[in-house]
Amino acid sequence: MRLEPKPAPSLGVLLLYPLGAIAATLVFVSLLVLAAGASPFSVIWLVAKGAAGSQFAALETLTRATPLIFTGLAVAVAFRAKLWNIGAEAQLYVGGIVTVVLGTGALPLPQPVLLPVIAIAAMAAGALLLLGPALLKTRFGVDEVVTTLLLNFVVLLFVAMLLEGALKDPMGLGWPQSSKVVADAQLPRIVTGKRLHYGFVLALAAAFAIWVVMKKTVLGYEMRAVGHNPEAARFAGIPVDPVLMKTALLSGGLAALAGFSEVAGLKGNLTLDLSPGYGYSGIVVAMLAMLNPLGVVAAAIFVAGIFVGADAMSRSAGVPSYIADVVVATALLTMVTAILLSRFRVRWR
Amino acid sequence: MEALDILVTTSFWVAAIRIASPLIFATLGELICERAGVLNLGIEGIMTVGAFAGWFTVYSGGDLWTGVFVAAFAGAAFGLLHATLTVPLGLSQHVVGIGITLLATSLTYFTYRLALPQVTSPPKIEPFQPLPIPGLSQIPVIGEAMFSQTPLTYLAFVSVAVVAWVLYRTPLGLAVRAAGENPSAVEAQGISVTAVRMGAVMAGSALMAIGGAFLTMSAFNSFFFQMVNGRGWIAIALVVFGSWRPGKALIGAILFAAFDAYQIRLQQLAGGVLPYQVFLMLPYVLSILALVLVARRATYPKALMIPYQKGER
């Protein structure tokens, strides 16, 4: 078999492919639900209701989407330049560490100054963490996939070490957790009494800013050129290595903001379960959004809805909540296939 | 010099060989995929599937070798999915690989919870027992370390020899290596690059899954979440470290495992001086350092990660 490019289809036809991907995902997951002895229709209904069926549910979905927007943006930026940052998880935790270190009273600053200072410091830490693998890539030719993946494990162990040592909460009754950040280092809630916080607004602003960078600036153009064909980009006079460095700084900084926003906006302290894999889910978010920064927002809300909805469904229908991770992973694989099939025709022989 | 005394104890080398075994399977599996031109980042998830499938088969009443077979089959099934998306469809091997890892891992956890909804501590099975080889296991230190292991460890060493023989001494091996170096030459011989690559990814994935099964059926006796714990990613580093050669990869895996066994013993020795997490970090840091060391002279298979379309150059 072989692939032949297709003439650009109309927008209506183009939308059929993602819909096909969603349908394929639903069919596969329905089979799993049947295996679990539940009815697919009632499970899908319960997931939808759990994700968006009430004000509480919808706000919870947006709360869960916040870190995913940041990690999704981090991955989208990096993958656009074909910098394979699989280490958003580690960068997120580094952002969380900095937020706790600076937010527990180390800086006697008023809130309007303190929060930006912490956010920038967190970004710097995440950026530096990715700069290492990026430098190893450009200087020594070390594949960044493996180094960023391995750093995830190193950083998580480092967090465990801090939580039993330097950052241990003296009032924590032995639990591996840090102290809470002070009130001035907390992002305010958007709706009083609800969990949604201004980290979400920051995430939206970040998505718009990245969209501007990618579409309207020279750097964005250079990143796309490097991702498209590094040799051609070099030939055209684009400084490939410096562009990769800037991409790494941007990507690492964005992922670290997820950690900042989770600690300062939601959890208040650092624990070993600060992220249930937001760094890895960010890859799915970015791919579902076809690496478009504004699409990342929609994809993050969709993925967050699946997680929040599945949690609610699991409690009432008895289907293990891991089904959400299956949905998200399946959606990733079906979507990349659908995008390919929208551009190429499969010819047998 | 207590720290150095560890190195001459038999139990240390027994542990090193045991720790090396799953890595040998996984590294060989990844090596076969990459030699054919496909980076398989599904490895971490495929090992998780193998760990669960093997253990669950035995838990449900199958015998141990059936468990190994089921694990290999499950691994090959995910390999087929990976290969279908990356070889004929030519999708990004990075994205598909991560997707396979996410899918395989989540499907495993889902199935585990479905099969055992209420368990708090993971149920145990009767794992493979050490099988001392008469005569050879009497040799001091080395004999005991090498020849009083479980049958799966012997299988790991046999696999290295078999893979090396197939890769370098058979037409099939030549086709696999050529598919990763110069696929149009393979096609010119009338051999389908697509078939060779897909077969290599499935065979490699089966080996990775056996590596996972080693964890639940030989090293331990039950299945835990996150038990693969980055071993797949370490195997990818070991493939580079072993410059895509089975023999060198074997040495790399044993060196790595010896280091891992050593840090566990140092933890006990230096307890209280340094946090234990520092020691646990060392294997991952070592993998990164090893990659940096060999990076300059690493010669990747030339067609690695480059999709092949018949009639295109």
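Figure 1. A compact globule of 349 residues would have a radius of gyration near 20 Å, and the 21 Å of chain A agrees with that. Taken along the principal axes, the C-alpha atoms of chain A fill a box of roughly 70 × 60 × 30 Å. The chain is built with 13 helices and two strands. Of its 349 residues, 52% count as buried. If you trace contacts in chain A between residues at least 6 apart in sequence, you will find that 78% of them join residues at least 24 apart.

**Figure 2. A close-up of helix α2 of chain A, residues 40-52.** Here is a helix of 13 residues that reaches 18 Å from its first C-alpha to its last, close to the 18 Å expected at 1.5 Å a residue. Look for its buried residues: Val43(A), Leu46(A), Val47(A), Gly50(A) and Ala51(A). Seen down the axis of α2(A), these buried residues fall within an arc of 125 degrees, so they line one face of the helix. Their packing partners in chain A are α1 (11-35), α3 (55-80) and α12 (293-317).

**Figure 3. The side of chain B that touches chain A.** In this view, 38 residues of chain B are in contact with 40 residues of chain A. On the chain B side, the elements that give two or more residues are α5 (93-115), α11 (231-241) and α13 (276-295). Helix α5(B) gives the most, with 13 residues. By residue type, this side of chain B divides into 27 nonpolar, eight polar and three charged.

**Figure 4. A closer look at Ile98(B), in helix α5 of chain B.** Ile98(B) has 27 other C-beta atoms within 10 Å, and because 20 or more count as buried, this residue is buried. Leaving aside residues up to four places away in sequence, Ile98(B) touches Ile86(A), Ile283(A) and Leu41(B).

**Figure 5. Confidence in chain B and in the complex.** Before you zoom in further, here are the predictor's own scores. Chain B has a mean pLDDT of 93, and 98% of its residues reach 70 or more. For the complex, the predictor gives an ipTM of 0.95 and a pTM of 0.95. Where pLDDT is low, the predicted coordinates should not be read in detail.

Definitions and conventions
Residues are numbered from 1 along each chain as its sequence is written. Chains are lettered from A and ligands numbered from 1 in the order in which they are written. This is a predicted model: local features need pLDDT of at least 70, side-chain atom pairs count only at pLDDT 80 or more; totals for chains, interfaces and linings use all residues. Two residues are in contact if their C-beta atoms, placed from the backbone, lie within 7 Å. Helices (H or I, at least four residues) and strands (E, at least two) are DSSP runs, numbered from the N terminus. Ala, Val, Leu, Ile, Met, Phe, Trp, Tyr, Cys and Pro count as nonpolar, Asp, Glu, Lys and Arg as charged, and the others, Gly among them, as polar. pLDDT is the predictor's confidence in each residue, from 0 to 100. The radius of gyration is taken over C-alpha atoms; the globule rule is 2.2 Å times the number of residues to the power 0.38. A residue is buried if 20 or more other C-beta atoms lie within 10 Å of its own, exposed if 12 or fewer, and partly exposed in between; C-beta atoms are placed from the backbone. The expected span of a helix is 1.5 Å times one less than its number of residues. The arc is that of the directions from the helix axis to the C-beta atoms.
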